[in-house]
Amino acid sequence: MEKYIYFDHNATTPVFPEVAEEINRCFIRFYGNASEPHRPGREAADILDRSRQTVADALGASPGEIVFTSGGTESNNLAILGTAEAYSKKGNHIITSEIEHPAVHMPLKKLSRKGFRITRVRVDSNGMVDPGDIKKAITSKTILVSIMHANNIVGTIQPIEEIGKFLREKGIIFHTDAVQSFCSTNTKVDDLNVDLLSISGHKFYGPKGVGALYIRKGTRVMPQLLGGGHEHGMRSSTENIPGIAGLAKATSIGQKDIGAKAKRVSKLRDRIKDFILNNIEDVIFNGHPSLRLPGNCNISFKYIEGEAIVLRLDSAGIAVSSGSACSSSSTKPSHTLVSMGLSAEDSHGSLRVTPGFENTIEEVDYFLQVLPGIISDLRKISPLYGNKPGHKKS
């Protein structure tokens with residue numbers, strides 16, 4: 001097959017052609033600074049306002065609750081550091097999970113060095129947080145809980161609605177990283193009972209370098225970028241109008257027929273999962289069997305390295321990932337898989353296959369035609385496979 005097949009949508013997505021056209025249109029024509037009162041400035045401000053409305057509508061929020069950022073990392077940092085600073089006189093305790101993205105773990109690590117106490121609740125073998133564990137962890141000093149909506153490695157969707165309901169009764173601020181789930185499943189903020197929610201454009205066929213943070217009215221967050229007071233005073237810096245317009249365009253496309261598209265991608269995912277489980281031995285399906293992102297299939301192949309599988313598939317014209325694609329060339333096993341109880345060896349053998357809306361059954365079938373031979377070849381040269389119990393050495 002000459003065409004290169006892309007099955008790594010949880011890492012990033014291609015940009016919709018309509019989105020690229022909208023970005024290019026803004027670069028060429030709408031170049032004004034949205035803070036200026038002249039016509040180019042007013043035109044830019046109008047695009048900014050309409051884009052804010054589009055994102056707000058998708059979240060069931062009001063435009064004044066949307067702050068545009070440079071992406072999911074900045075949104076998470078603003079939510080966590082800004083909330084901690086705003087409520088530090090009330091308490092210094094924050095609850096999170098063991099499987100959060102580094103963009104949540106790292107700002108919390110910074111806060112711990114400043115005297116904040118961080119509780120990280122465990123997950124079960126499916127990568128699911130138990131709401132009861134969060135209830136038990138709450139103290140009189142708890143000011144913030146941050147639990148991701150859907151895990152970026154195994155796709156497990158967390159019980160955010162249930163967690164948010166009892167946190168609201170306690171008056172505790174609740175943040176969710178919805179970078180993976182926005183435009184894939186329901187992220188209406190009132191349904192989820194959240195006060196803060198992060199999204200990133202490049203995860204749903206929009207541009208890189210732009211995202212947003214939803215901040216519920218009445219929630220106090222201290223800005224982390226100081227300057228001219230842009231974005232309701234929450235995020236200083238001249239707005240990236242082409243990027244924001246592109247994010248809004250991707251949002252409007254992504255929200256159309258979201259259920260039907262999710263169902264279609266789920267069928268591709270299940271076709272991959274069922275074939276592998278039925279035709280390749282010594283594999284482990286990672287994540288919740290049903291409460292998961294529609295396009296996420298994470299499977300560990302015992303006795304071999306996932307990175308080796310990725311490279312062999314790349315040579316065959318197929319892109320997938322292994323471990324955490326967001327951890328910049330880290331050789332450590334995925335902290336998510338280890339937290340779920342997998343050994344370091346089985347974690348290293350994981351493959352994350354994440355098809356998207358534009359993929360076809362034919363592409364999936366080509367992948368499934370190529371994969372078994374790659375697994376077989378790699379196991380033949382694996383000392384771990386040669387020493388596995390019951391294996392007959394030639």
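Q: How many nonpolar, polar and charged residues does the lining of the second largest pocket have?
A: The model is predicted, with pLDDT of at least 70 needed for local features and 80 or more for side-chain atom pairs, while totals for chains, interfaces and linings use all residues. Residues are numbered from 1 along each chain as its sequence is written, and side-chain values use heavy atoms, without hydrogens and water. Nonpolar means Ala, Val, Leu, Ile, Met, Phe, Trp, Tyr, Cys and Pro, charged means Asp, Glu, Lys and Arg, and the others, Gly among them, are polar. On that division the lining of the second largest pocket has six nonpolar, eleven polar and three charged residues.

Q: Which helix gives the most to the lining of the second largest pocket?
A: A pocket is an open set of 1 Å grid points with protein on both sides within 12 Å along at least five of seven lines, and lining residues have an atom within 4 Å of a point. This pocket is lined by 20 residues, and those nearest its centre are Thr73, His101, Val179, His202 and Lys203. Helices (H or I, at least four residues) and strands (E, at least two) are DSSP runs numbered from the N terminus. With three residues, the largest contribution to the lining comes from helix H3 (residues 72-86).

Q: What volume does the second largest pocket have?
A: A volume is the space filled by probe spheres set on the points, which are joined across faces, edges and corners. For the second largest pocket this comes to about 280 Å³.

Q: How much space lies in the largest cavity?
A: In a cavity a 1.4 Å probe fits but cannot get out. The whole structure holds one cavity of 30 Å³ or more. Its 20 lining residues include His9, Asn10, Ser184, Pro355 and Phe357, the closest to its centre, and by class the lining has eleven nonpolar, seven polar and two charged residues. The space in the largest cavity is about 220 Å³.

Q: Which strands are the edge strands of the sheet of seven strands?
A: The order in this open sheet is S2-S8-S7-S6-S5-S3-S4, with mixed pairing. An edge strand here pairs on one side only, where a pair needs at least two DSSP bridges. The edge strands are strand S2 (66-69) and strand S4 (117-121).

Q: At what angle do helix H2 and helix H8 pack?
A: Contact means heavy atoms within 4.5 Å, and Ala44, Ile47, Leu48, Ser51, Thr54, Val55 and Ala58 in H2 meet Ile241, Ile244, Ala245, Leu247, Ala248, Thr251, Ser252 and Gln255 in H8. By class, this contact has ten nonpolar, five polar and no charged residues. Axes are lines fitted to C-alpha atoms, for helices over the stretch in contact, with angles from 0 to 180 degrees between N-to-C directions. The axes of H2 (residues 39-59) and H8 (residues 241-255) lie 9 Å apart, and the packing angle is about 35 degrees.

Q: Which residue in S12 is the bridge partner of Ser300?
A: Three strands form an antiparallel open sheet in the order S9-S10-S12. Strand S10 (residues 297-301) pairs with S12 over four bridges. The bridge partner of Ser300 in S12 is Ser350.

Q: What angle does helix H9 make with S10?
A: Helix H9 (residues 258-279) lies across S9, S10 and S12. The angle at which H9 runs to S10 is about 20 degrees.
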